[in-house]
Amino acid sequence: DYYEVINASKDLVKHSFSRGIGNYTVSSTWKNADFRINFSKLRSHPIEMGLLSINNLEWMTGLTDEFVFIDRIVDRATTTNMLLDDFPPHYNIIEAYDNIPDGILGVMGSKEPIHPKRFYFSRDAIALDILLLEHIKSSDIPEKSTLKNTMHWFGVNEKNFEVIGFDAPIQEWSPPTSNFLWALLSFLSYPVYQFFSNKGEMFVPKMDLKAFPYKREPSIITKISRRINRWITNLPN
């Protein structure tokens, strides 16, 4: 009774963005909100290192398949930056308090999530994400990450902000590159996911099939591949 859940993909309206090409829609609720709060949860990711506040805004402008054309692909970082240009969040919150999944595929889950007992707040999403990367032991911002793309987009070249509060790494955090095997898998994750996973079918976390039943029963080979991948990447099996 106190809130309404909106499916942004079904809430799209036409919009002419001030920068960028190939994207012409945005969530009506996000666009017309008087005060936009971007509330995300800290999770690890093999390419981004961590899914942070900027990543949390992906696809507020439409679904992936709407940005594929015969002559070009508009990537997710670009569409997110177009949103940040015209309809940025007024406030950003990252929850790093309880049950935080780390490791190589924290974005899909973790056998042993950590409990840092922290919250992060900022009006500046870029500053917040730069700080969080430091706190999750990633001193260098990955070149192919959404954050690096956003920094180029807005002309941000270095850390230039004041931290108010506890400023120290999350010691219990295990980065996606914390051992040789995970570092190798992180390096290979993008091409493997793109070309050898059948659109991600081989990389699916263990689901509650009563709550999320199969749309199509996977083959035995697919089920075995998923179990092997979950074992390698330390996901619940």
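Lysine 148 counts as buried at 16% relative accessibility, where buried means under 20% relative accessible area, exposed over 50% and partly exposed in between, with a 1.4 Å probe and protein chains only. Its side chain meets that of glutamate 143 in a salt bridge (3.8 Å, N to O), a term that asks for a side-chain nitrogen of Lys or Arg within 4 Å of a carboxyl oxygen of Asp or Glu. Glutamate 143, by contrast, counts as exposed at 60%. The model is a predicted one, in which local features need pLDDT of at least 70 and side-chain atom pairs count only at pLDDT 80 or more, while totals for chains, interfaces and linings use all residues. Residues are numbered from 1 along each chain as its sequence is written, and side-chain values use heavy atoms, with hydrogens and water left out.

Side chains of opposite charge can pair when their charged atoms come close. Over the whole structure, the search returns seven salt bridges. One of them joins glutamate 95 and lysine 41 at 2.7 Å, N to O. This pair links distant parts of the chain, with glutamate 95 in strand β6 and lysine 41 in strand β3, 54 residues apart; helices (H or I, at least four residues) and strands (E, at least two) are DSSP runs, numbered from the N terminus. Glutamate 95 is buried at 14% relative accessibility, whereas lysine 41 is partly exposed at 28%.

The strands of this pair belong to an open sheet of three, ordered β3-β6-β7, with mixed pairing; two strands pair if DSSP finds at least two bridges between them. β3 and β7 are the edge strands, each with a single partner, so one side of each has no neighbour in the sheet. Averaged with direction ignored, neighbouring strands are turned by 15 degrees against each other. β3 and β6 (residues 91-96) run parallel and are joined by five bridges. Within this pairing, asparagine 38 has asparagine 92 as its bridge partner, and phenylalanine 39 stands opposite isoleucine 93.

Which residues make the nonpolar surface patch? Phe35, Ile37, Phe39, Tyr97, Phe119 and Phe121 do, over about 640 Å². Patches are made of residues with over 30% relative accessible area and no salt bridge, joining like charges within 9 Å and nonpolar side chains (Val, Leu, Ile, Met, Phe, Trp, Tyr) within 5 Å; the areas come from the Shrake-Rupley method with a 1.4 Å probe, and for residues only the protein chains shown count as cover. Phenylalanine 119 lies in strand β7 and is partly exposed at 40%.

Turning to the helices, eight of the 11 residues of α2 (residues 76-86) are buried, so this helix is largely enclosed by the rest of the structure. Its buried residues pack against β2 (25-27), α1 (28-32) and α4 (146-154), with contact meaning heavy atoms within 4.5 Å.

Methionine 49, found in strand β5 (residues 49-51), is likewise buried, at 12%. Beyond its neighbours within four places in sequence, its contacts include Leu133, Ile136 and Trp173. The C-alpha atoms of methionine 49 and isoleucine 136 are separated by 8.2 Å, although these residues are 87 apart along the chain.

Notes:
Axes fitted to C-alpha atoms, helices over the stretch in contact; angles between N-to-C directions.
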